[in-house]
Amino acid sequence: MDFTGVQSTMLVTLFLKALDAEETEPVLGDRFAAEAVDRIDYDWAKLDKPTITRNRFGLALRTRQIDDWTADFLRRNPDATVLHLACGLDARAFRLDLPDGVRWFDVDLPDVIALRRELYEDADGYRMIGASVTGEDWLAEIPAGKPVFVIAEGLLMYLHEAEVWQLLGRLTEHFGTGELVFDGVLPWVAKLTQVLKKYLNRWYDYPAYWTPIRDGSDIARWNPRLLYRDHVALVAQYDRIPDRKLQRAYRLMSRFGPVRNYLRVFRADF
Ligand SMILES: C[S@@+](CC[C@H](N)C(=O)[O-])C[C@H]1O[C@@H](n2cnc3c(N)ncnc32)[C@H](O)[C@@H]1O
């Protein structure tokens, strides 16, 4: 099994979650990721490099924050619809204790969902949809009318801004009201990936980021129906990191705004 392009990034996040799960005191402790890595026939050694593995806690913090916000929304709305965009092989629907009334939709590109179906099955209240979120038809399959929680983890930065506008326009139009959570990088991070891609394509295997976020006001610029609520800088959560050396590095990073804020998770209402 192998993937190229943007799909390959979900193997990295899966691998990093599996590494975090090996810790005695993990940040996320995702046993599903560890099991999936064991089951998928892929040369994981390709990802086992310090430049990649040193991100395991940053990634686990991002996923944990979104898990916490999802659980919080579901406590308040036990009959909610959850739309988990760009789910990759993430097992959020199984990690969380879902109230019986929740309907959960995991969406990703068709080849990713085909692999996902080898690991997990559709069930009562749980469905996988293989489609590009930039396409038009897939959203019609998801019923509106319930409180909706939309998760876009590791997605918006890979889209061009016009695609983000279009996606958010379709979501707010279809559901009318709900909450959106997503992670975003600062403009300098996006620029850096674009330069790496352009000049060092041979060494830089991953797609560039196209849509960064400066601050919460960008959200209303993308879609005036979205109301920025709050955000969390993941680097600032260094005290949750079990590895002393990485914890020190994150603490140092948290002192400099542009580094502290390079990856944040945002929440908005509509
Ligand atoms: C960095 S991974 C994140 C996966 C997962 N959210 C996680 O955190 O482990 C990015 C994911 O976005 C998906 N993706 C990128 N563009 C997409 C699109 N247009 N439609 C649906 N999924 C997309 C990729 O296939 C990949 O699974």
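## Exercises on aromatic pairs and burial

The structure holds ten aromatic pairs, and the model in which they occur is a predicted one.

**Exercise 1.** Determine which kind of pair the rings of F94 and Y126 make, and which parts of the chain this pair ties together.

*Solution.* A pair of aromatic rings is described by the distance of the centres and the angle of the planes. For F94 and Y126 the centres are 5.1 Å apart and the planes stand at 65 degrees; since planes over 60 degrees apart count as edge-to-face, the pair is edge-to-face.

**Exercise 2.** Decide whether F94 and Y126 are buried or partly exposed, and state which aromatic cluster they belong to.

*Solution.* Buried means under 20% relative accessible area. Y126, with a value of 6%, is therefore buried, whereas F94, with a relative accessible area of 28%, is partly exposed. Both residues belong to one aromatic cluster, which F32 and Y120 form together with them. At F32, a member of this cluster, R31 lies over the face of the ring, at 4.3 Å from its centre.

**Exercise 3.** Locate T9, judge whether it is buried or exposed, and list what it touches.

*Solution.* T9 is found in helix α1 (residues 9–21). Its relative accessibility is 14%, and T9 therefore counts as buried. Leaving aside residues up to four places away in sequence, T9 touches Y158, Y206 and P207.

Methods
Residues are numbered from 1 along each chain as its sequence is written. This is a predicted model: local features need pLDDT of at least 70, side-chain atom pairs count only at pLDDT 80 or more; totals for chains, interfaces and linings use all residues. Side-chain values use heavy atoms; hydrogens and water are left out. Rings of Phe, Tyr and Trp (its six-membered ring) pair if their centres lie within 6.5 Å; planes under 30 degrees apart count as stacked, over 60 as edge-to-face and the rest as tilted. Helices (H or I, at least four residues) and strands (E, at least two) are DSSP runs, numbered from the N terminus. Buried means under 20% relative accessible area, exposed over 50%, partly exposed in between (1.4 Å probe, protein chains only). A charge sits over a ring if NZ of Lys or CZ of Arg is within 6 Å of the ring centre and within 35 degrees of the ring normal. Contact means heavy atoms within 4.5 Å.
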